[in-house]
Structures are given as structure tokens and as C-alpha cells.
Amino acid sequence: MFIDGVPEGEAQGEVAAYYESQRKMWGFLPNYATAFSHRPDVAQAWAGLNLAVRGGMDRRRYELATIAAARARRSTYCTVAHSMFLRDVCGDEEAVRSIATHPDGSELDEQDRAIYEFATIVAAEASRVTEADVQRLRDVGLSDADVADVVFAVSARCFFATVLDGLGAELDPQTAAAFSSDLLGGMVVGRPVAPGSAHSSS
């Protein structure tokens with residue numbers, strides 16, 4: 001991290017509660033938590049936004065859009081974490097492997113590919129989105145509400161990924177260890193894995 005966060009042993013009040021919630025969720029205190037340690041109110045607001053977006057749409061679609069956004073923003077942290085969720089929560093290891101080996105999404109099925117490519121455009125340069133891009137999603141079965149959900153998911157991810165990379169947070173070795181070295185290699189799109197595992201570059 002490029003800034004000094006609040007050490008876990010010194011955390012009090014809202015920061016201590018935030019750290020506890022993150023440790024409970026992951027089984028360890030993730031590196032990103034210290035990025036929010038000076039503003040636990042922002043962490044709480046982010047959690048509320050993220051849950052609202054994710055909870056209102058198909059989970060697998062949320063993960064596909066999130067991975068596309070993370071890759072477009074070169075966020076190793078979010079790419080790996082959400083590839084893990086796509087595999088473990090959604091049960092779709094095939095899509096994870098497809099994206100890791102074909103990061104442009106070209107090997108996904110028609111609807112998934114359309115979602116992935118649209119999410120990539122939104123994350124990279126939203127002003128490039130055209131009516132034709134939206135119509136393509138309609139053509140593969142998405143409603144206008146579904147399209148909005150994809151944009152919400154991408155937009156939320158851009159915030160979180162920017163915070164992590166802007167403050168220098170590196171992917172936790174515990175999360176990196178969820179994948180084999182060869183598969184992980186296709187997911188390291190920006191910052192390296194934090195030191196502490198065979199997958200780290202240090």
C-alpha cells in the first residue's frame with residue numbers, strides 16, 4: 001500500500017468492526033481493507049451499493065460484467081477475486097478458464113460474449129457506448145432493466161478497482177492460491193500478487 005492504513009491491532013470503533021466483518025467474510029483480513037481504514041463510512045457505503053447492485057441482478061451476469069470491467073481497468077485484484085466467485089459461487093469453471101485463456105471473451109457463448117464486450121466498453125470509455133451496442137444486448141435476450149444492471153455493475157467495479165490500484169493494494173496470496181499458477185497467469189492484468197505465496201512475483 002502506498003499509504004499507511006490503520007493496523008488491525010490498533011483498530012477501534014467503526015474501523016475495528018469493518019476489519020472484523022472483512023475477516024469473517026474472507027477468513028483473513030484482505031489487503032484492500034486497509035485502503036478504507038481511514039474512511040470506514042465510505043467502506044460501508046460501498047458495501048451497500050455493491051449489495052444493491054449484485055442483489056438485483058443475476059449473479060452470474062454480475063460476475064461476468066465485473067470481470068470484464070476489472071480486466072478493462074487492469075485490476076488484478078478484482079479479476080482474480082471475481083473469477084473465484086464465478087467458479088465457486090456460480091459453479092462456472094468453464095467460463096473462468098475461457099476468459100483466462102481468451103481475455104477478449106471471444107470463446108464465450110453469444111449472450112455472454114455480448115455482455116462481456118459491452119461491459120468492457122463501458123469500463124474503458126463509457127462515452128463510446130452507442131445505441132447499437134445496447135441493441136445488441138436486447139437482441140441476445142436482455143431487457144432494458146438488464147442492460148442498466150450491467151452498467152451499474154461495471155460502474156461500481158470501476159470505483160472499487162480504482163481505489164485499490166490508486167492506493168497500491170495488491171492481491172492477497174490467499175486468494176491467488178485458489179488458482180493454479182498457469183491459470184492465474186492469465187488473470188494478472190495489472191499489479192502483481194502480494195508477496196507471501198508461490199504465485200507472487202517477489
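Which side chain does the side chain of Glu-63 make a polar contact with? The legends below take that up, and they all describe a predicted model.

**View 1. Glu-63 pairs up with Arg-59.** Here the side chain of Glu-63 makes a polar contact with the side chain of Arg-59, at 2.7 Å. Look for Glu-63 in helix α3, which covers residues 59–72. Glu-63 is buried, with a relative accessible area of 0%. Setting aside residues up to four places away in sequence, Glu-63 touches His-82, Phe-85, Leu-86 and Cys-90.

View 2. The disulfide count comes to 0. Cys-90 is in no disulfide either: its nearest cysteine sulfur, that of Cys-78, is 16 Å away. As for accessibility, Cys-78 counts as buried at 2%, while Cys-90 counts as partly exposed at 25%.

**View 3. Inside the largest nonpolar core.** This core has 63 residues, and the ones touching the most other members are Tyr-19, Phe-36, Val-150, Val-154, Leu-164 and Phe-179. Helix α8 (residues 144–166) gives the most to this core, with 10 residues.

**View 4. Zooming in on Val-150.** Val-150 is among the core residues that touch the most other members. Leave out its neighbours within four places in sequence, and Val-150 is in contact with Met-57, Arg-61, Ala-65, Ile-115, Phe-118, Ala-119 and Leu-142.

Methods:
Residues are numbered from 1 along each chain as its sequence is written. This is a predicted model: local features need pLDDT of at least 70, side-chain atom pairs count only at pLDDT 80 or more; totals for chains, interfaces and linings use all residues. Side-chain values use heavy atoms; hydrogens and water are left out. A nonpolar core is a set of buried Ala, Val, Leu, Ile, Met, Phe, Trp, Tyr and Cys residues joined through side-chain atoms within 4.5 Å. Buried means under 20% relative accessible area, exposed over 50%, partly exposed in between (1.4 Å probe, protein chains only). Helices (H or I, at least four residues) and strands (E, at least two) are DSSP runs, numbered from the N terminus. Contact means heavy atoms within 4.5 Å. A disulfide is a pair of cysteine sulfur atoms within 2.5 Å. A polar contact is a pair of N or O atoms within 3.5 Å; within protein, one must be able to donate a hydrogen and the other to accept it, and residues adjacent in sequence count only if both atoms are side-chain atoms.
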